[in-house]
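These are my notebook entries on one protein chain. I record what I looked up, one topic at a time.

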Amino acid sequence: MKKMIIACAVVLAACLSSCGDTNYCYEVTTKFPTLTGGTHEEKIYLWTTSNELDAWKEQYIKAKEAIGISKDAIEITAKRTSKSQSDCHK
């Protein structure tokens with residue numbers, strides 16, 4: 001019985017850890033203040049995994065920080081859509 005419980009736990013852990021490896025279409029909205037005092041907002045679609053999306057967000061923030069925009073001023077929201085890979089850019 002103990003071996004069965006351990007085996008189930010291992011299978012469950014494997015399933016949960018692989019969930020971040022599935023590609024989906026994400027609608028990503030970015031917003032940050034411009035150097036002229038306005039606000040820049042952009043919506044893009046990315047075909048990616050949730051793990052890659054997290055890495056993309058980190059790189060995006062680093063790029064904006066490099067040009068003088070505060071990390072706290074950058075807003076990034078992402079929501080998973082039901083779009084196919086071919087429709088993800090629309």
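I began with a term: a salt bridge is a side-chain nitrogen of Lys or Arg within 4 Å of a carboxyl oxygen of Asp or Glu. With that rule, I searched the whole structure and found two salt bridges. I note here that the model is a predicted one.

**Entry 1. Overall layout**

I looked up the secondary structure and found two helices and three strands. Read from the N terminus, their order is α-β-β-α-β. The protein has 90 residues, and 22% of them count as buried. I also noted an accessible surface of about 6,600 Å², with 57% of it belonging to carbon and sulfur atoms. For contacts between residues at least 6 apart in sequence, I recorded that 58% join residues at least 24 apart.

**Entry 2. The two salt bridges**

Which side chain does E27 meet in a salt bridge? I found K79, with an N to O distance of 3.6 Å. E27 belongs to strand 1 and K79 to strand 3, so the pair links distant parts of the chain, 52 residues apart. E27 has a relative accessibility of 12%; it counts as buried because buried means under 20%.

The other pair I looked up is K31 with E41, whose closest N and O atoms are 3.7 Å apart. Are the two partners buried or exposed? K31, at 29% relative accessibility, counts as partly exposed. E41 is exposed, with a relative accessible area of 51%.

**Entry 3. A buried lysine without a partner**

I next turned to K64, which is placed in helix 2. K64 is buried but has no salt bridge. Why is there none with E42, the nearest side chain of opposite charge? E42 is 6.5 Å away, and a salt bridge needs the nitrogen within 4 Å of a carboxyl oxygen. Setting aside neighbours within four places in sequence, I listed the contacts of K64 as F32, I69 and I74.

**Entry 4. The nonpolar core**

I then asked which residues make up the largest nonpolar core. It has ten: Y26, V28, F32, L46, L53, Y60, I61, I69, I74 and I76. Two elements give two or more residues to this core, namely strand 1 (24-33) and helix 2 (50-66). The residues F32, I69 and I74, already listed as contacts of K64, are among the members of this core.

Apart from neighbours within four places in sequence, V28 is in contact with E42, K43, I44, L46, L53, W56, I76, T77 and A78. Among these contacts are L46, L53 and I76, which also belong to the core.

**Entry 5. The disulfide**

How many disulfides does the structure hold? The count comes to one. C25 and C88 form this disulfide, and their sulfur atoms are 2.2 Å apart. C25 is in strand 1, while C88 is in the segment after strand 3 (75-80), and the two are 63 residues apart. The torsion about their S-S bond is about 90°, so the disulfide is right-handed. I checked the accessibility of C25 and C88 and found both buried.

**Entry 6. Strand 1 and residues across from it**

Y24 is placed in strand 1 and is partly exposed at 27% relative accessibility. Its contacts, neighbours within four places in sequence left aside, are L46, W47, T48 and R80. Y24 and L46 are 22 residues apart along the chain, and their C-alpha atoms are separated by 8.1 Å.

K79 is placed in strand 3. Not counting residues up to four places away in sequence, K79 touches C25, Y26 and E27; E27 is its salt-bridge partner.

With neighbours within four places left aside, T77 is in contact with E27, V28 and T29. T77 and T30 are 47 residues apart in sequence, yet their C-alpha atoms are 6.6 Å apart in space.

Methods. Residues numbered from 1 in each chain as written. Predicted model: local features only at pLDDT ≥ 70, side-chain atom pairs only at ≥ 80, totals over all residues. Heavy atoms only, no water. Helix = DSSP H or I, 4+ residues; strand = E, 2+ residues; numbered from the N terminus. Buried < 20%, exposed > 50% of the residue type's maximum accessible area, 1.4 Å probe, protein only. Contact = heavy atoms within 4.5 Å. Areas by Shrake-Rupley, 256 points an atom, 1.4 Å probe, with all protein chains shown as cover. Core = buried A, V, L, I, M, F, W, Y, C linked by side-chain atoms within 4.5 Å. Disulfide = S-S within 2.5 Å. Lys, Arg positive; Asp, Glu negative; His and termini not counted.
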